[in-house]
Amino acid sequence: MDEAAVERVRSLYRAFEAAFDELHAAVLEKIENPDQYFSPHHDYPILSPVDSGFPIFHEHGFYSDNAPRNYVGVFRPLSILGALTHRHPKKEFPEGAKLISLLKGSEFGKRLQLDEPFSGHDVDRMVATAVERYLHVYGTGPLNPDNRRKVLRPIFMGVIRDDYPVTVMVPIALTHFAADRFPLSGNAYVARIPRGLQLARSRIDRRGSGAVAGVVSAATHAYVSTDWSLPASTIRGVRDGLNDPSQNVLEEIDVFFAALRAATGAITGYAQVCMVPRRWSVGYFVDLPPVFGATYRRYPNSFDNYGWAGVGQSVVTARELEDVRRLYNLILGRREERVAIALKRLNSCMTRDDAVDAILDATIGLEVLLGDQENQALSYKLRLRAGALARHSGTRKPSDVVASVKKSMKSGQR
């Protein structure tokens with residue numbers, strides 16, 4: 001980037017600062033008025049534990065006055081409902097208008113699609129959510145430039161950067177872990193989900209997924225993968241991408257859950273894929289970290305029947321996590337089609353409620369993984385090769401494995 005381009009970026013950041021300071025000062029003036037009422041963020045989440053040890057999410061709701069105050073809402077409603085019911089006198093914000101004008105005259109305005117009607121509201125919203133976050137994180141005292149930078153810089157980076165690095169976080173449903181954090185590879189690990197991320201992920205839309213709210217919330221740990229980047233040419237495209245994980249992301253998630261199931265036999269799954277921006281953002285919600293994503297129904301049906309409320313869920317020990325790590329890396333090192341098909345069948349098998357369907361999935365997976373082109377009886381080949389694999393593992397006698405495979409295949413044929 002040449003010196004002229006650097007100066008344009010600096011000028012743009014100064015314009016963001018001026019718009020932030022202008023709105024922050026106006027809100028502070030309202031806060032200092034003892035007669036001013038600030039409505040609560042009724043949709044702010046609450047996390048409550050249940051007997052199983054898993055969290056469950058709620059919202060404060062319209063009848064609660066205990067939620068964080070909606071400070072910026074006195075000037076700029078931050079929700080659709082707020083926009084529809086907003087009756088406060090309109091206040092002019094000239095620095096905000098200058099920011100939009102400056103963006104329209106720069107290459108960054110194309111990313112914000114500022115040539116479209118009402119597109120300036122996206123810029124106003126970015127500044128508004130930044131001010132709202134600042135007030136809830138750093139308080140309602142005089143403006144601190146260092147704290148302003150901590151809040152505003154990620155928003156600014158979301159506007160100017162060419163790539164969008166993200167961390168993928170997949171809450172592991174109804175499964176307890178003995179470790180708070182366990183590395184799987186150089187860029188993946190299993191870790192306890194911090195409270196802020198728990199609350200933030202509760203806001204991901206689950207409509208149309210079929211996932212039960214209790215299962216979505218019932219996770220203390222997550223599979224985390226950091227080596228991802230979101231391709232997008234517009235801010236709208238960034239938001240769409242954050243809420244629609246790619247097929248590559250889903251495939252790597254399936255690798256982890258296959259390794260987890262194969263190593264531990266855990267009855268588990270997932271109901272969310274969370275996308276967490278790294279050092280950038282397109283907006284905030286109060287004091288919560290920015291988290292986006294989508295909801296899925298990739299877990300056994302038995303979880304729906306209040307499986308999240310009581311006890312008896314799978315527990316993964318530290319020793320078992322070592323086996324998970326070993327399998328996870330072995331699978332990642334064998335990017336073969338037959339391995340991918342076998343893993344897909346394993347994951348399907350472990351979420352089936354019908355025993356016959358589960359056996360069929362397992363048999364097909366074994367056939368793909370252990371079979372070849374020779375014209376021999378399939379059952380014989382599978383028994384023989386499963387027994388040979390058992391000899392290498394050292395955990396079960398090859399003859400016992402051969403007998404188990406034979407029995408399972410007969411059950412599937414019936």
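A: Buried means under 20% relative accessible area, with over 50% exposed and partly exposed in between (1.4 Å probe, protein chains only). This is a predicted model, where local features need pLDDT of at least 70, side-chain atom pairs count only at pLDDT 80 or more, and totals for chains, interfaces and linings use all residues. Residues are numbered from 1 along each chain as its sequence is written, and side-chain values use heavy atoms, leaving out hydrogens and water.

Q: How many residues of strand S3 are buried?

A: Strands (E, at least two residues) and helices (H or I, at least four) are DSSP runs, numbered from the N terminus. S3 spans residues 164-171, and eight of its eight residues are buried, so the strand is largely enclosed by the rest of the structure.

Q: Which way do S3 and strand S7 run?

A: Two strands pair if DSSP finds at least two bridges between them. S3 and S7 (residues 221-230) run antiparallel, joined by seven bridges. Pro165 sits opposite Ser229 in S7. S3 also runs antiparallel to S8 (residues 270-277), with four bridges. There, Val168 has Met275 as its bridge partner.

Q: At roughly what angle do the axes of helices H5 and H6 cross?

A: Axes are lines fitted to C-alpha atoms, for helices over the stretch in contact, and angles run from 0 to 180 degrees between N-to-C directions. The axes of H5 (residues 120-138) and H6 (residues 145-160) cross at roughly 150° and come within 9 Å. H5 and H6 are therefore roughly antiparallel. The classes are: under 35 degrees roughly parallel, over 145 roughly antiparallel, 65 to 115 roughly perpendicular, the rest oblique.

Q: Is the crossing of H5 and H6 left-handed or right-handed?

A: A crossing is left-handed if the near helix is turned anticlockwise from the far one by less than a right angle, and right-handed if clockwise. H5 passes H6 in a right-handed crossing.

Q: What about H10 and H11: oblique or roughly antiparallel?

A: The axes of H10 (residues 247-264) and H11 (residues 318-332) come within 8 Å and cross at roughly 135°. That makes H10 oblique to H11. Their crossing is right-handed.
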